[in-house]
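This briefing is for a reader who is new to the structure shown below. Please look at the model first, then go through the points by topic.

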Amino acid sequence: MATNNIVILGAGVSGLTTAFLLSKDPSNSITVVAKHMPGDYDIEYCSPWAGANYFPVGKPGSKHAEYEKATWPVLKELTEKYPDAGIHFQDAVTYSRKKDQQSTSGKWMSELVSEEPWYKDVVPNFRKVPVDQLPPGINNASRFQSVCINTAVYLPWLVSQSRKNGVVFKRGVFKHVADAANAHHSGNKADLVVNCTGLSSKFLGGVKDDKLMPARGQVVVVRNDSGIMASTSGTDDGEDELVYMMTRAAGGGTILGGCYQKNNWDPLPDPNLAIRIMKRAIEVRPELVGKGQGIEGLDVIRHGVGLRPLRDGGPRIEAENMNGLVVVHNYGHGGFGYQASYGCATAAVNLVNAALKKKDKAKL
Ligand code: FAD
């Protein structure tokens, strides 16, 4: 018998993973309420735009790295046991150029492209590319096995798993985080709200987190198959541009990226950047197109833009008492919302459980 009324605000990967984990406990009665749901494509909704793969970027020893480390075994298990989740294994290669070390993209990618990253003992088959096999201009490169998530399959899969456990989904838009407590499907006020509103926490009443900023990502989705996933530390085209590509599971197409443009809110694809993205992808992976072909060999499905919810100091996973209402925050996951999703959601669930225990004690 469910006794804890919980509202989760937000239905991106953070809200849905938190809902999925919390719904495994039958004493939780959960409503997920959000402005956007899986199936929507909107600049205020980051999750559908992601690649998404597991390319760890957390600095060694940071909580961010811990969250990524904790997420790998779950993604691996989902890939092995749940083909309906829309995740598959893919070989990955990362390329590092020393000259990118001080650029925006180079700093973001520094751990991913490091010669001895912490995740070398986490992902299967990590190995360095021998020096005599490095492409021109590349100082070091590594290969390993990773996963690529088809977000158009995976987000609805999280919804369906949660619904099987009784979670109720509703649309709703709130000006203040505390107002979400009135959205529980029972009609009673929720005992607790989990705030998973991503970048919108910058403007949401009761939160208004100034540490949040967009890190704009532009992608081209194509029907061509890249065969492997690849990422570089940067390019010569701009200090916040880079090359990455990955082919999504289950016919999801191949994502070509990209950029990491901090404080850029532009929701429209920049056509010139799109051309650079396509050209660079073919330079790194000529196999994308037929022999001798350029970008005319790419079969474009769509151009897209997403705003990564970047937060100075890392994601906020924290409990707060707002005039008697407990709010647990789980937002600010930048470019790592999927690859850290289970680590972050588990931390949020632990805070929820601790708060509910306190509430139960107070009742005695
Ligand atoms: P969102 O997906 O933005 O969801 C926010 C939710 O809150 C939505 O449902 C929204 O409607 C709701 N909401 C907000 N405000 C309100 C309100 N006031 N009232 C009601 N509802 C509200 N990550 C990886 O791990 N691997 C990758 O390979 C990867 N690649 C990426 C590539 C690109 C191009 C981009 C843009 C991002 C990428 N990311 C990747 C990052 C990842 O997509 C994000 O970290 C993640 O989607 C953030 O999810 P979220 O649930 O926190 O926020």
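Predicted model: local features only at pLDDT ≥ 70, side-chain atom pairs only at ≥ 80, totals over all residues.

Which element supplies the largest share of the lining of the second largest pocket? That share, three residues, comes from α3.

- The volume of the second largest pocket is about 420 Å³.
- Its lining is made up of 19 residues, and H64, W108, Y260, L310 and R311 are the ones that lie nearest the centre.
- At least two lining residues come from each of α3, which spans residues 104-109, and β13, which spans residues 300-311.
- By class, the lining of this pocket holds six nonpolar, eight polar and five charged residues.

**The cavity**

- The model has one cavity of 30 Å³ or more.
- The largest cavity has a volume of about 30 Å³.
- The residues P48, W49, V219, V221, R248, I255 and R302 line the largest cavity.
- Five of these lining residues are nonpolar and two are charged, while no polar residue takes part.

**Positions annotated in UniProt**

- An unreviewed UniProt entry gives the feature "binding site" at V177 and T197.
- These two positions are spread over 21 residues of sequence, yet they cluster in space, with a largest C-alpha distance of 9.4 Å.
- V177 sits in the loop that runs between β6 (168-171) and β7 (192-195).
- V177 counts as buried because its relative accessible area is 0%, and the cut-off for buried is under 20%.
- Apart from neighbours within four places in sequence, V177 has contacts with L9, V193, N195, L204, G205, G206, V207, M322 and V327.
- T197 belongs to the loop between β7 and β8, the latter being residues 212-222.
- With neighbours within four places in sequence again left aside, T197 is in contact with L9, L204 and Y331.
- L9 and L204 are therefore contacts of V177 as well as of T197, under a contact limit of heavy atoms within 4.5 Å.

**R316**

- R316 is part of strand β14, which covers residues 316-322.
- Is R316 buried or exposed? R316 counts as buried because its relative accessibility is 12%, which falls under the 20% limit.
- The side chain of R316 is joined to that of E320 by a polar contact of 3.4 Å.
- Not counting residues up to four places away in sequence, R316 touches V207, D209, R311, H329, N330 and Y331.
- Among these partners, R311 is also one of the residues that lie nearest the centre of the second largest pocket, and Y331 is also in contact with T197.

**S226**

- S226 is placed in the loop between β8 and β9, where β9 is residues 229-232.
- With a relative accessible area of 1%, S226 is buried.
- Which residue has a side chain joined to that of S226 by a polar contact of 3.0 Å? The partner is T247.
- Beyond neighbours within four places in sequence, S226 is in contact with M245, M246, T247, T254, R285 and L288.

Definitions and conventions:
Residues numbered from 1 in each chain as written. Heavy atoms only, no water. 1 Å grid on protein atoms, 1.4 Å probe; cavity = no way out; pocket = protein on both sides within 12 Å on 5 of 7 lines; lining within 4 Å. Points joined across faces, edges and corners; volume = space filled by probe spheres on them. Helix = DSSP H or I, 4+ residues; strand = E, 2+ residues; numbered from the N terminus. Nonpolar A, V, L, I, M, F, W, Y, C, P; charged D, E, K, R; others polar. UniProt positions renumbered as here; feature names shortened; annotations may be inferred. Buried < 20%, exposed > 50% of the residue type's maximum accessible area, 1.4 Å probe, protein only. Polar contact = N/O pair within 3.5 Å; in protein donor to acceptor, adjacent residues only side chain to side chain.
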